[in-house]
Amino acid sequence: MSETTPTMLDDRALIRVSGEDVRGFLQGLVTADTMGALPAWSGLLTAQGKALFDFLLWADDDDLLIDCEADQADALARRLSIYRLRRAITIARDDSLAVHWSRDTDRGMPDPRLAELGHRWLAQPAAAANGWRAHRLSLGVTEGQAELGSDKTLWLECNARELNGVSFTKGCYVGQENTARMHHRAKVNRRLVVAPLGEAGERTRVRYPEFGLMVEHRRVEALGDAIIPDWLAAAL
């Protein structure tokens, strides 16, 4: 990769969580094990186990950085602040850093969801990268509210188990009961999938005519022409 190749994901933002025991604070809220190795893909769910927000968590000394959709950063910060209560914790957007990505570098860390997605790292803002969304969709990986919905899709239906977005050993978090029940019963009846572009229907979440693709929420027995990469085929 050339030193001048643009790498910044300009649709991402960072929220810094700092203060008293921030790992412990988020441990009881989100799906990933914040006490384990980071970065990690994670979700903040409803009590029923449906996705509200998805994001990656990064460690920065004693702080945690949340790598999230830029359009949802303020809403996510407000939601997390509801749980803060009287804790000495600050939750605020950090515009001094940006999320960077490349398919063709060893810089940073492999994406914790799937190594084929490429490497990510945090650095000062720079020129915006091209190609991330097309590459992600080509691998059948969905993310963000347009694709996952807000309070519409159970976390395991977002392929969180297959893409390392949930810990089944860390204990309680918001939405844990239903998520754990589905996992232990091996009962995931629907999946978010990427498929060739077609007419929008009730299963359609978002269409990407520029890529000839769309994201749909389909029953596992009716996946049809969906892209079924190896990581998903192994779970079906």
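Predicted model: local features only at pLDDT ≥ 70, side-chain atom pairs only at ≥ 80, totals over all residues.
Is Arg12 buried or exposed? At 8% relative accessibility, Arg12 counts as buried. The salt-bridge count comes to 19, and the largest nonpolar core has 39 residues.

- Arg12 pairs with Asp67 through their side chains, with an N to O distance of 2.8 Å.
- The two partners come from distant parts of the chain, 55 residues apart: Arg12 sits in strand E1 (residues 12-19) and Asp67 in strand E4 (residues 63-69).
- Asp67 also counts as buried, because its relative accessibility is 0%.
- Arg12 and Asp67 belong to a network of salt bridges that also links Asp111, Arg113, Arg120, Arg136, Glu143 and Glu147.
- Arg16 forms a salt bridge with Asp94, and their closest N and O atoms are 2.9 Å apart.
- Because Arg16 lies in strand E1 and Asp94 in the loop between strand E5 (89-93) and E6, this pair ties together parts that are 78 residues apart in sequence.
- Both Arg16 and Asp94 are buried.

- Glu216 and Arg203 meet through their side chains in a salt bridge, at 3.3 Å from N to O.
- This pair, too, links distant parts of the chain: Glu216 is in strand E11 and Arg203 is in the loop between E9 and E10, 13 residues apart.
- Glu216 is buried, with a relative accessible area of 2%, whereas Arg203 counts as partly exposed at 35% relative accessibility.

**Nonpolar cores**

- In the largest nonpolar core, the residues that touch the most other members are Leu114, Val141, Trp155 and Val215.
- Elements that each supply at least two residues of this core include strand E2 (40-45), strand E3 (51-60), helix H3 (132-138), strand E11 (213-219) and H6.
- Leaving aside neighbours within four places in sequence, Leu114 is in contact with Leu139, Val141, Leu163 and Trp231.
- Another core lies apart from this one; it has 27 residues, among them Val30, Ile66, Ala77 and Ile91.

- Val220, Ile228 and Leu236 make a nonpolar surface patch of about 220 Å².
- Leu236 is found in the segment after helix H6 (230-233).
- Why can Leu236 be called partly exposed? Its relative accessibility is 48%, and the partly exposed class lies between under 20% for buried and over 50% for exposed.

Definitions and conventions
Residues numbered from 1 in each chain as written. Heavy atoms only, no water. Patch = residues over 30% accessible without salt bridge, like charges linked within 9 Å, V, L, I, M, F, W, Y side chains within 5 Å. Areas by Shrake-Rupley, 256 points an atom, 1.4 Å probe, with all protein chains shown as cover. Salt bridge = Lys/Arg side-chain N within 4 Å of Asp/Glu carboxyl O. Helix = DSSP H or I, 4+ residues; strand = E, 2+ residues; numbered from the N terminus. Buried < 20%, exposed > 50% of the residue type's maximum accessible area, 1.4 Å probe, protein only. Core = buried A, V, L, I, M, F, W, Y, C linked by side-chain atoms within 4.5 Å. Contact = heavy atoms within 4.5 Å.
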